[in-house]
Amino acid sequence: MPLKFSVVTGSPDPVYRQIVEQVRVAIAGGVLQPGEQLPSVRALAELLVVNPNTVARAYNDLTGEGALEARPGKGVFVAQRRQVFAPEERLRRLEAAVQTLVKEVALLGFSDEEIQELLQRELQKLKGGEEQKR
Amino acid sequence: MSDYVIETHGLTRYYGGKCVVDTLDLKVPRGSIFGFLGRNGAGKSTTIRMLLGLVEPTRGSATILGHDCQNLPPVARERIGYLAEGHHVYGWMTVGECGRFQSSFYKHWNQSIFDGVVDHFNLDRKAKAGDLSRGQRAGLCLAMTMAPEPELLILDDPALGLDPVARRSLLQSMIYVTRRSDRTILFSSHLLAEVERVADYVAVLDYGVLRASCPLEMFRERVRQFSLRFDGVTPQLPGIPGLLQAFRAAGEISLTIANYDARSEELLRSLQPVAFEEVPLSLEDAFISYLGERGEKSFFLDQAPEKPEALETVAVVDEEKLP
Amino acid sequence: MKAMIWKELRECGTWAVLAGAVWCIFNYFGYHTMFSTEDVIRDPLRIWEGKIILNVVLGAVAGGMLGVIQILPELRRDQWAFLLHRPASATTLFAGKAIAGILMLIAIISISEAFGYYLLRFHLKLEIVSFWYLAVAVSIGILAGAVFYFSAVIAALRPAKVFGSRLLSLITALAIVVVLFLQPSFWQVLLCTVLCLIGLVLAAQSCFEAKGEYRRMKTVGRVALGSTLLAGGSIFGMGVIAFLSALVPRGFVATYFDSHNLEPYSGSYYRSDYYNLYDQFMDSQYYSYSVAYDLGRNVSMQMLKNTREVRAETRTAVVTKPAYRQYGRYIKRKEEDDIFSYYDTVGKRIVFYSMENRRIIGYSGPNGYYDVNHIPADGSAQFSGELLSDAGGNYLCFTDAVFQVDSSGRQIKRLIDGEADQPFQNVVPVNVGKIQRFWVVKSNAIEQYDAEGKRLLSVPLGPEERDGQYIGAVSVDADKHFLWFGRITKTWPGVHHLDSKCAEVTGTGKVLSRFEIDFGEQEGDIVVPFNMMFAGVVWPMLRNDTHLLSQQNWVVIDQLYGVFYRASDIVVSINTLIAAICLSVMSAWLFARRARLKLSLCCLWMGLTLLFGAVALIGLLALYPWPGHLACGQCKKLRDIENEECPHCHVPWPRPQRDGTEIISRDFQSHALASGGQE
């Protein structure tokens, strides 16, 4: 599994959230396949040189989201894709992400069309990756 | 086994007329990695020395592993590892001799841990301890402290003077220690990057007074920064509870607030800003705001510089505000 | 503990060996110097006493140095933490250090002694006449070193100014070493040192455990440390006062004995002068006290010390044995030829030593001279009994016999035999006119013998006359003698009362009359510690300040504090005295209360101040640091920071102010990794 975790300190993002995001991106991008096992909490903690509880919390959040599932005695695995969020929650998350995007690019001077084109390309990449892996 | 390995009750220490530790009530839970933060001279080292019975408190008491700190018997000292800042060793001893010397005092000594740490830091067993570099000496001290596998490890500014590689090794060792769930680490540090990595809990000492003692995440969540934009002149600020710092620039005020809640938000919105945004803070920025000089600052060069005003702080009376 | 000893030896061992080597060099130069001075060329016995002194100094310096270098480098705060934070009691760690230190001390002294032996035996080719003295020299060095070692440890540990109370323990050590050196018998040396060492070791161990902080020390340690410091302070005080008083003019009335007008046994006093101790020391012609009693006229009796001018036939008979330090007693020193002879108090014989060949050539026993290769086996090789005196060089007076010795020392003639159950206590030769007589003091009688050993008279001693300290004999002529028995009793420390009884005795030993002489009270010349403590704060009423001078007057009272000597000064001194006492006792009370001592301790310190004066006050200040004080927020008065409650308004210390920025989590969940079998 060519998944490389890395964390940075001194960022507004807490460490656990960085792990969560990296796992999410990895799953979304197909780097992590459903059913693949992730490193144990202790192993990842020692690898990243962070507190194991931080890793545990990240895994907990991901499990709560439905991205991962814990099998007692065996470890943590990538869950089969399914939605755990209620539709309102999904919508809220999408809106938040889009708002962030809009804020970020507002001052860059791109036209709406240029932005949308780029957005399409990224979404394609995501889906294409998934297709490839399937 | 009780929940806390260290408990202090009103621990106070004066040097001359100056109070360096003021009525400290600290609890360190078993099995945690506990970061002890504060500015230089805030009283962290003094507290640690009082905990180990090396300095007598002026008032108050403390227990460590259930024993009174002022009368630690040898059996208690066997279970506590202490790494003082400065990494003291006897310079004329070789690395190997240091290990043998230390091991003769402890009933339980895990030589493989000692060897492991020494090898990890690449120390020559025949080198004299006085000839080692700062980082290597730190590794040697760490090896000597960890080999008896103490239940409680107290590290006083362990990364002081260490290069990044040595610091990383130190952190790895700390995480290694927590393999056993009953092992606790109390460490004081200025390097927030390291604290962010390994600490479960933090306590913040501000000139002898304990201002925070909570899980690390709680600290991050409770210290927040907001940016308010205004048309024209920025208004005077009302008394906002928990206000740490305010920075006023042209048409903008940036506020850092602790224990932010609905009432604080209401107060901020009552100023009627044009824009109201939260600025995400890194742990370091949060910490600096928390311990920095309280008050309003301005660097507006065009206008006559305003003296930093002491902001109206609201004395908290109601306990409900506190968690 | 073994590891501790190993560590100390490795750490300081090289210094010890170096010190030993340096002292060997000193030895070399010392011995050479000793052997090149005229005195020692004629007198090699001096070297033995010199060795002991040398070893005392060496031991003291080595012990002190070791104590300091074992402690000082460890005193930085975190270094001390590294030392003490380990699962071994502070006592164990201290024992490790102390054992290592004493071992190193023994090593230093042994190295130096071995080298000294080599020097003496092979380099200077001196015959080693007794190994007992070598052992004594080594032991003295080690004992002195041990005393200084622990005092140095105490001095190094105490957080005090270097020229303040830090040196007190070293002063105590110095005093102990001087005292032990001056003991006459070696077993007394051992006893004295062991007793003092017990106190010093306790104090040092307690200091070590508490890192010098008096308040953290256990009671036993505090008592030991307090005594050590108090002793040091007292001695220092004594030294200062003695030094000062040596320069201060003392008003004493010196009595001169006008030898030209001397009629036997009468005194005329015609001068009084003021001198100070220094002058007296330099010119021992002046007497520290003298009382004269004219036995013929029953007025007063002469009892002089260091008399050179008086021809009155008085002798005091005090039994003295040579001290352990003195290797021999000189009988004769021959300067013409190369033979040097002396009396060996251990071997109990006269030794003849060839200075040219540097070896012993022969001995003299009760039967006379014998060669070193022909030692008689019949028991006559040695004298029995203890040597009492040499009576001017021509006699050897033992507890069991008196011998006459010829000028060469080889012809020995037995003069007077003693009885087995009645050993002689002293033998004093006297000249009655030109006739030689001996006064012999036994425990039950005083006898007089003539020069041939024939007993002339015997006066039995009554029970109250035995154990008399001073016995004087005055022979008016062959038929009339006065025997005087004096015993000094102390009615108050510093004040001596002289008990004296006199007996008039005929030439055949018949006691004609007995009478008593009252000398009044006198100031003794024994230095009494608390007299010296506090200049002026002594009770003049307890001393005999003044006696009016009359024509035949006599009582010379030695005033150590001449400032309060004169009669007119008594009134002034009483007032000053009372004021000083009140002030010091009150101060003790205040300081003790300030330091929050218990009532019983306060009273103890007040008593100590009464006895010891300023030194006790200093001790009180040094031992109990005052707790800090701050103004109370409520009542604005000063309150002690170590007390939770204000003594005036009883409010506790305020908790730190909160300003709403505190982030305190009330309960910590006990910590475990988040569950879920993620291991």
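Helices (H or I, at least four residues) and strands (E, at least two) are DSSP runs, numbered from the N terminus. This is a predicted model, in which local features need pLDDT of at least 70 and side-chain atom pairs count only at pLDDT 80 or more, while totals for chains, interfaces and linings use all residues. Residues are numbered from 1 along each chain as its sequence is written, chains are lettered from A and ligands numbered from 1 in the order in which they are written, and side-chain values use heavy atoms, with hydrogens and water left out.

**Contact between chain C and chain B**

- Chain C brings 46 residues to the contact and chain B brings 69 residues, where contact means heavy atoms within 4.5 Å.
- The size of an interface is often given as the accessible area lost when the parts come together.
- Between chain C and chain B the buried area (the accessible area, with a 1.4 Å probe, that two parts lose on being put together, summed over both) is about 5,200 Å², and carbon and sulfur atoms give 57% of it.
- Five salt bridges are counted between chain C and chain B, a salt bridge being a side-chain nitrogen of Lys or Arg within 4 Å of a carboxyl oxygen of Asp or Glu.
- One of these joins Arg10(C) to Glu97(B), with the closest N and O atoms 3.0 Å apart.
- The count of residue pairs in polar contact between chain C and chain B, both at pLDDT 80 or more, is 14; a polar contact is a pair of N or O atoms within 3.5 Å, where within protein one must be able to donate a hydrogen and the other to accept it, and residues adjacent in sequence count only if both atoms are side-chain atoms.
- On the side of chain C that touches chain B, the elements that give two or more residues are H1, H4 and strand S20 (663-664) of chain C, and H4(C) gives the most, with seven residues.

**Aromatic rings and charges over them**

- Over all chains the structure holds 23 aromatic pairs, for which rings of Phe, Tyr and Trp (its six-membered ring) must have their centres within 6.5 Å, with planes under 30 degrees apart counted as stacked, over 60 as edge-to-face and the rest as tilted.
- Tyr90(B) and Phe82(C) form a tilted pair, because their ring centres are 5.6 Å apart and their planes lie at 50°.
- This pair joins two chains, because Tyr90(B) lies in the loop between strand S7 (80-83) and helix H3 (95-103) of chain B, and Phe82(C) lies in helix H4 (residues 77-84) of chain C.
- Both Tyr90(B) and Phe82(C) are buried, a term for under 20% relative accessible area, with exposed meaning over 50% and partly exposed in between (1.4 Å probe, protein chains only).
- Trp23(C) and Phe26(C) form another tilted pair, at 5.0 Å centre to centre and 50° between the planes; they are three residues apart in helix H1 (residues 2-36) of chain C, so about one helical turn separates them.
- Ring pairs link a cluster made up of Tyr90(B), Trp92(B), Phe101(B), Phe105(B), Trp6(C) and Phe82(C).
- Lys7(C) lies over the face of Tyr90(B), 4.1 Å from the ring centre, where a charge sits over a ring if NZ of Lys or CZ of Arg is within 6 Å of the ring centre and within 35 degrees of the ring normal.
- In chain A, the charged end of Arg71(A) sits over the ring of Phe77(A), at 4.0 Å from its centre.

**Chain A**

- Chain A has five helices and two strands, which follow the pattern α-α-α-β-β-α-α along the sequence.
- Chain A has 134 residues, of which 32% count as buried.

**Residues with positive phi in chain B**

- Glu149(B), in the loop between helix H5 (134-146) and strand S8 (152-156) of chain B, has a positive phi of about 50° although it is not a glycine, and its relative accessibility of 23% makes it partly exposed.
- Asn259(B), in the loop between strand S14 (252-258) and helix H9 (262-269) of chain B, is a residue other than glycine with a positive phi near 55°, and at 7% relative accessibility Asn259(B) counts as buried.

**Surroundings of Ser169(C)**

- Ser169(C) lies in helix H7 (residues 168-182) of chain C and is buried, with a relative accessible area of 1%.
- The side chain of Ser169(C) reaches the backbone oxygen of Ser151(C) at 3.1 Å.
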